[in-house]
Amino acid sequence: MKETLRYLAGIAGPSGYGSKSTAEQVTRDCSSSVPSQLTAIITGATSGIGAETARVLAKRGVRVVIPARDLSKAAEVKEGIQRESPEAEVIILEIDLSSLASVDRFCSEFLALRLPLNILINNGGMFSQALEYSEDKIEMTFATNYLGHHFLTEKLLEKMVETAAQTGIRGRIINVSSVIHSWVKRDDFTFNQLLNPNNYNGTKAYAQSKLANILHAKELARQLKARNARVTINAIHPGIVKTGIMRAHKGFITDSVFFFASKLLKSTSQGASTTCYVALSPELEGVSGKYFADCNESTCSKLANDESEARKLWKQTRLLIHRRLSQPTA
């Protein structure tokens, strides 16, 4: 109850920010400390909190790379950013996060640009009421929200480590998760069922993918620390934001519950605040493997904190990606 009241009132936490803080507010104080010409890749930046994250980071002088499936929507976002910030550099490249081959192509195209990479924001996501499969024959929500981002991070990680070593600026990876990761029960979180569920439920699939995002951050943080790499990774909960994903949850929220929930909804700028804070705040220099909500460190579920579960998921994911990419295309 205390946390709910704090959320509703927008009371600031130890960081000085809270649930009502906007992306512009939390980065305004960072502006003077942001090194010149950082480069950030932001998935899911053609709408919602991803687009707002791109807008605010560009406004703070960050070069923004937008991987997009819909290039026309990406072009509209770029136009809007440059209308507000004429000096902003925005690069658009094509990607389909549900396709490992497409993620691979995107990474090759980005790396060919020979740009540094300081920030990677794994924000893109989807919710599907119906069971669908990706071209790799993997359940679509898991393929898009988790697997594509895991592979994207893997392919770009050495560029981030290299950039950090050359510039002295620590790299930051942010996995956008959700508080509903805590709905997942241990017995339901089995790898084969994530890939090919027997009894599909859209909300359950979404929650499982968001749990996987946190476990990915926990395990990669451990590995980066072990190799003394100057790159951090954290997971965040943006809050309940009225975005396209929220509108897709028609079966998961009744009209009456949605009316109540709407009183708790954040604006898009409030929803993007935690991502932007974790991406740019000097207060978080060196902080890794943590979970943030409302611009403050928070607690995730017991399952999300399970190191053995994180390592197991990592190994299973790596094996799956290797097998899929080694298969000849039909």
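The model is predicted, so local features need pLDDT of at least 70 and side-chain atom pairs count only at pLDDT 80 or more, while totals for chains, interfaces and linings use all residues. Residues are numbered from 1 along each chain as its sequence is written, and side-chain values use heavy atoms, with hydrogens and water left out.

Side chains of opposite charge can pair when their charged atoms come close. In a salt bridge, a side-chain nitrogen of Lys or Arg is within 4 Å of a carboxyl oxygen of Asp or Glu. The whole structure holds 20 salt bridges, including these:

| Pair | N to O distance |
|---|---|
| K266 and D294 | 2.6 Å |
| E24 and K59 | 3.1 Å |
| E309 and K312 | 3.6 Å |

K266 sits in the loop between α10 (255-262) and α11 (268-271), and D294 in the loop between β7 (291-293) and β8 (296-297), so their bridge ties together parts 28 residues apart in sequence. Helices (H or I, at least four residues) and strands (E, at least two) are DSSP runs, numbered from the N terminus.

E24 belongs to helix α2 (residues 23-28) and K59 to helix α3 (residues 48-59), so this pair links parts 35 residues apart in sequence. E24 is buried at 18% relative accessibility, whereas K59 is partly exposed at 34%.

E309 and K312 are three residues apart in helix α13 (residues 307-326), about one helical turn. E309 is buried, at 8% relative accessible area; K312 is partly exposed, at 42%. Elsewhere, salt bridges with shared partners join E24, E52, R55, K59 and E84 into one network.

Methods. Buried < 20%, exposed > 50% of the residue type's maximum accessible area, 1.4 Å probe, protein only.
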